[in-house]
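Subject: Structure handover

Hello,

Here is the structure for you to look at. My notes follow below it.

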Amino acid sequence: MSRRDDVLAALKAAGEAGVSGEALARELAVSRVAVSKHVCALRDLGYRIEGEPGRGYVLLGVPDLLLPGELRPLVDSQLWTRLEGGPETGSTNDDCKLLAREGADEGTVVVAGRQTAGRGRLGRMWESPGGGAYLSALLRPGLSLGELAPLPLAVGIAIARALDALGAGDVGLKWPNDVWLSGSKVAGVLIEISAESDRVEWVVAGIGVNVLRDEGAREDAAYVRDVVGEATPASVAAAVLGELAEVYAQFQLEGFRGLAREYGSRSVLADREVKVCDVGGRVRATGHASGIDDLGRLVVETSRGSVAVAAGDVTLVGSSLD
Ligand code: BT5
C-alpha cells in the first residue's frame, strides 16, 4: 500500500466523524504537509473530502471509477502482487504490455477508471466510459503458444463465475470471448501474447466489464449494476481477479480440458443455428452449434459434416444479437 492508500484507508475508517490532519500525520508517521498533499491528490482523483488541514477531514464520496486505491484492499489472491493504474488511460493492455517488455513480474495488473483508446479484437473498439472495470493482467505461463489458444475462453469462465458470485444470475458465454448478461454483452476479453517461435514470453489478459451506465454508455450493452444493486467497478474487478487466479491455476495444470464442460454449459450458442466467420471475415461454417471441444474450438454440424473452428466470430442465425 502506498502512503496515499494509507490516508484513504484512515479516512474510510474514520467515517462520518472524520479525522484531523494532525491525527492522520501521527498515525502514518508523516508530516501534516504530506497529509494535505495526499488529500489534494485524492480529491484530484474524484474523492469528495470535506475539511481543512486544521479542522479535520471527512470522506463524503468515493468516485465510481476503478482506481487502484479502491481495488487493493479487496484483492486477496497471492497471484496479484502489483497493482498499477489511474483514473484514465489509453488502453490498459498497452500499459501492461509496456510493463511486460520492461520485465515486470507475472501477477502485475493495470487498471483504469476509463479508457480513451480501449481495444477489442481485430482492431475493433472497446467503448470504455467511466463506470466500467477495465483491467489487464500480466501472465507468464509455462505453456506453448498452441496450448494458449483457449485462454480467452478460460478468462471468460473466470468473469462468468465472478458475476455469478456477485449474484448477477443469467450469465452466459458467447464463443470465443464474450460474456453475456440477460441476453446482451456485458464483458469482453482481449488476449495479447509475445512469443518467440512456440516459446511464450508474456501474456496480457485484458478484461472489460460494463458495471454502471455512465454518460456515453452503450444502449445495447448489459451492465452489472442493473442486476446487482451494490456492484461497483472495484468489487467487480476484485471478484474477476479472484476467479481468474483460480481458473489460471487450473488452466496451467490441465489446459482447457477441465474447463470445457463448464464452458459448454454456459454457452449461449448451445443448440443454436450459427454462422461462423474466420478472423479474415470468410464464412467457415453455417449450421447447428453442437458444443465446445477440449481445445476450446466451436463445433458446428454443417450440411457437409462436423467442423471445429479455432478462432473467429459467430452470428446467431435469425437473431438481431451478434
Ligand atoms: C472484445 O473484443 O470484446 C474485447 C474487449 C476487451 C476490452 C478490454 S478493457 C481492458 C483492456 N484494454 C483494452 O484496450 N482492451 C481490454 P471484440 O470481441 O472484438 O468485441 C468488440 C465489439 O464489442 C465492438 O465491435 C462492439 O460491437 C462491441 N462493444 C464495444 N464496446 C462495448 C461495450 N462497452 N459493451 C458491450 N459491447 C461493446
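A polar contact here is a pair of N or O atoms within 3.5 Å; within protein, one must be able to donate a hydrogen and the other to accept it, and residues adjacent in sequence count only if both atoms are side-chain atoms. Before the findings, some ground rules. This is a predicted model, where local features need pLDDT of at least 70, side-chain atom pairs count only at pLDDT 80 or more, and totals for chains, interfaces and linings use all residues. Residues are numbered from 1 along each chain as its sequence is written, and side-chain values use heavy atoms, with hydrogens and water left out.

**The ligand**

A polar side-chain atom of Thr92 sits 3.2 Å from a nitrogen atom of the ligand. In Lys185, a side-chain N or O atom is 2.8 Å from a ligand oxygen atom. For Asn177, the distance from a side-chain N or O atom to a ligand oxygen atom is 3.4 Å. On its own the ligand exposes 800 Å², and the protein buries 90% of that (Shrake-Rupley method, 1.4 Å probe; for residues, only the protein chains shown count as cover). There are 27 residues around the ligand, where near means that a heavy atom of the residue lies within 4 Å. Those that come nearest are Ser91, Arg119, Arg121, Arg124 and Lys185.

**Helices**

Helices (H or I, at least four residues) and strands (E, at least two) are DSSP runs, numbered from the N terminus. Asp5 belongs to helix H1, residues 3-14. Asp5 counts as buried because its relative accessibility is 7%. The classes are: buried under 20% relative accessible area, exposed over 50%, partly exposed in between (1.4 Å probe, protein chains only). Leaving aside residues up to four places away in sequence, Asp5 touches Gly69 and Arg72 (contact: heavy atoms within 4.5 Å).

Val227 is in helix H7, residues 224-227. With a relative accessible area of 37%, Val227 is partly exposed. Val227 touches Ala168, Leu181 and Ser182, again not counting residues up to four places away in sequence. Asp170 is 57 residues from Val227 in sequence, yet their C-alpha atoms are 9.9 Å apart.

How far apart are the end C-alpha atoms of helix H8? They are 31 Å apart, which agrees with the 32 Å that 22 residues should span at 1.5 Å a residue (the expected span is 1.5 Å times one less than the number of residues). H8 covers residues 233-254. Gly255 follows H8 and has a positive phi, near 65°.

**Strands**

S10 (residues 273-277) and S14 run antiparallel, joined by four bridges (strands pair if DSSP finds at least two bridges between them). Lys275 stands opposite Thr315 in S14. S14 spans residues 313-316. Its covered face holds Val314 and Leu316, and its uncovered face Asp313 and Thr315.

**Loops worth a look**

- Pro176 lies between strands S6 (171-174) and S7 (178-181). The peptide bond from Trp175 to Pro176 is cis, with omega near 0°.
- Leu122 is in the loop between S4 (108-115) and S5 (132-139). Its phi is positive, near 50°, in a residue other than glycine. Leu122 counts as partly exposed, at 48% relative accessibility.
- Ser197 is in the loop between S8 (184-196) and S9 (199-210). Its phi is also positive, about 55°, although Ser197 is not a glycine. Ser197 counts as exposed because its relative accessibility is 70%.

Best wishes
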